[in-house]
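Dear colleague,

I am handing over a structure that is new to you, and my notes on it follow below. Please read them with the sequence and the structure open beside you.

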Amino acid sequence: MHTLLHVVMALVLLIGCGIVTRRFFSFQLGIPFAFDRTLWRSRYFWLGLGVALVFLWSDFRFERYFSLAAQNIL
């Protein structure tokens, strides 16, 4: 159940970061923003998704590093 929760929250983070990045750049560039097929084709959406993937990867690495260090101490 714990792993399932991590996967669901990771998906929420990925899609949320993509949408927020798309919204931010559409506001800056004057492009209309809408929840339609153009959202998935936007390079800014995928840029946000990439940033979220980097965040999740670093979070996984830090979690693994610190949990292994705690196990070695005990």
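Before the notes, one cut-off is needed: a residue is called buried when its relative accessible area is under 20%, exposed when it is over 50%, and partly exposed in between. Please also keep in mind that this is a predicted model.

Overall fold

The protein chain contains three helices and zero strands, and its elements run α-α-α from the N terminus on. Of its 74 residues, 18% count as buried, while the accessible surface comes to about 6100 Å², with 72% of that area belonging to carbon and sulfur atoms. When contacts between residues at least 6 apart in sequence are considered, 50% of them join residues at least 24 apart.

Helix H1

Helix H1 covers residues 2-29, and its 28 residues reach 40 Å from the first C-alpha to the last, which is close to the 40 Å expected at 1.5 Å a residue. Just after H1, glycine 30 takes a positive phi of about 80°. The buried residues of this helix are Ala10, Leu14, Gly18, Thr21, Arg22 and Ser26. On the surface, by contrast, Leu4, Leu5, Val8, Met9 and Val12 form a nonpolar patch, and together they have about 470 Å² of accessible area; of these, leucine 4 lies in helix H1.

Leaving aside residues up to four places away in sequence, threonine 21 touches Tyr44, Leu47 and Gly48. Leucine 47 has its place in helix H3 and, at 44% relative accessibility, counts as partly exposed. Leucine 47 and arginine 22 are 25 residues apart in sequence, and their C-alpha atoms are 8.4 Å apart in space.

Aromatic pairs

How many aromatic pairs does the structure hold? There are five. One of them is formed by phenylalanine 25 and tyrosine 44, which are stacked, at 4.7 Å centre to centre and with 20° between the planes. This pair links distant parts of the chain, since phenylalanine 25 is in helix H1 and tyrosine 44 is in helix H3 (residues 43-73), 19 residues apart. Phenylalanine 25 has a relative accessibility of 26% and therefore counts as partly exposed, whereas tyrosine 44, at 15%, counts as buried.

For tryptophan 40 and phenylalanine 45, the ring centres are 4.9 Å apart and the planes stand at 75°, so this pair is edge-to-face. Here too the two partners fall into separate classes: tryptophan 40 is partly exposed, with a relative accessible area of 44%, while phenylalanine 45, at 1% relative accessibility, counts as buried. Finally, ring pairs link Phe24, Phe25 and Tyr44 into a cluster, and Phe25 and Tyr44 are the residues of the stacked pair described above.

With kind regards

Notes. Residues numbered from 1 in each chain as written. Predicted model: local features only at pLDDT ≥ 70, side-chain atom pairs only at ≥ 80, totals over all residues. Heavy atoms only, no water. Patch = residues over 30% accessible without salt bridge, like charges linked within 9 Å, V, L, I, M, F, W, Y side chains within 5 Å. Areas by Shrake-Rupley, 256 points an atom, 1.4 Å probe, with all protein chains shown as cover. Salt bridge = Lys/Arg side-chain N within 4 Å of Asp/Glu carboxyl O. Helix = DSSP H or I, 4+ residues; strand = E, 2+ residues; numbered from the N terminus. Phe/Tyr/Trp six-rings, centres within 6.5 Å; stacked < 30°, edge-to-face > 60°. Buried < 20%, exposed > 50% of the residue type's maximum accessible area, 1.4 Å probe, protein only. Contact = heavy atoms within 4.5 Å. Expected span 1.5 Å × (residues − 1).
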